[in-house]
Amino acid sequence: MEDITEKMKGFVSATKEKTTSAITSVTGDKKNRNLESSRIDDAQPGHYITTQFGTRINHTDDSLKVGERGPTLLEDFHFREKITHFDHERIPERAVHARGAAAHGYFELDESLAKYTKAGVLTETSRKTPVFVRFSTVLGSKGSADTVRDVRGFAVRFYTDEGNWDLVGNNMPVFFIQDAIKFPDIIHAGKPEPHNELPQAQTAHDNFWDFISLTPEASHMIMWALSDRAIPRSYRMMQGFGVHSFILVNESGEKHFVKFHWTPTLGAHSLVWDEAQKLGGQDPDFHRRDLWEAIDNGFYPEWKFGVQIFTEEEAEGWDFDILDSTKIIPEELVPVKYIGKMVLNRNPDNYFSETEQVAYCVVCFPMLILK
């Protein structure tokens, strides 16, 4: 009886192998061709796993423990990051910058800043650094219109060899407040009225103007917000600014202050108010559609990357605080020097996993820049 059972098992196994072989001979080549473009050999030199902040890791299957069978250690930053990412795969809508559009591209340096910084991305002209850029409105919900009057977010992630560098800015060079503790207040003031949730993605209501009237430091920014800069023609035709003053540190430990600028090669263009209102009704997705279709058709948007560099001694002679984000550094004092360019040439493959889940971090500096 046992011999018969073993023979039956052998017959079934041989039949399975023949069937599998027959199917593979018919479909295998076509399937392989379809998959070939998506295959990556992770054993190749230069292929490695990183954390979300770009730190290389060589193992992702075991957490740090106390001893062989002890409890997991909280100092295992990779374990905490991996679990936190999993816990947030279904994320709530952002409080600000909820509505966004993004694209992949690259940054190239034309002129080295080795005199001012030791960061490879700003010193090695032979590098081609991948970037991921997210544009957004600030106040509106995820389902609001693109062409509302609002500040626009302009966030750039550089995937440098030393780790990720997130340059998080806006399309205006200043901001409403001097102290970050007021940030919840300005956002709450700009959001829709609490009793009726009106108006959406707009600040034409009493709460906002009460805040502005009681906050004189916001006067500069409100002039920008009421200008044509608040209704851009396209994300491709919009300037970007780092807003804050940052510090570059060179190999000798010497420090210089810097302001960052993005200037579109297409020029900065805006809608008129009547156009913005009509487009908000006819095509609420106007800006994100414009960006997607331009890249899809090979019209890759490009920005020049500029810097204003100055010393602490120079700053001490000016009658304003360079750390005050409601102020600009006048170009008459420090001209913008253009040192590179950024090109966006690829649309995301998945909106949720890329555009929606990207989390820029303003303290993410790969050993190069201090805020």
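Helices (H or I, at least four residues) and strands (E, at least two) are DSSP runs, numbered from the N terminus.

The model is a predicted one, in which local features need pLDDT of at least 70 and side-chain atom pairs count only at pLDDT 80 or more, while totals for chains, interfaces and linings use all residues. Residues are numbered from 1 along each chain as its sequence is written, and side-chain values use heavy atoms, with hydrogens and water left out.

Helix H7 (residues 286-296) comes next. Its buried residues (under 20% relative accessible area, with exposed over 50% and partly exposed in between; 1.4 Å probe, protein chains only) are Phe286, His287, Asp290, Leu291, Ala294 and Ile295. Seen down the axis of H7, they fall within an arc of 155° and so line one face of the helix, the arc being that of the directions from the helix axis to the C-beta atoms. The cover over these residues includes E3 and E11, together with strand E4 (128-137), strand E5 (152-160) and helix H6 (273-282); contact here means heavy atoms within 4.5 Å. Just after H7, Gly298 adopts a positive phi of about 85°.
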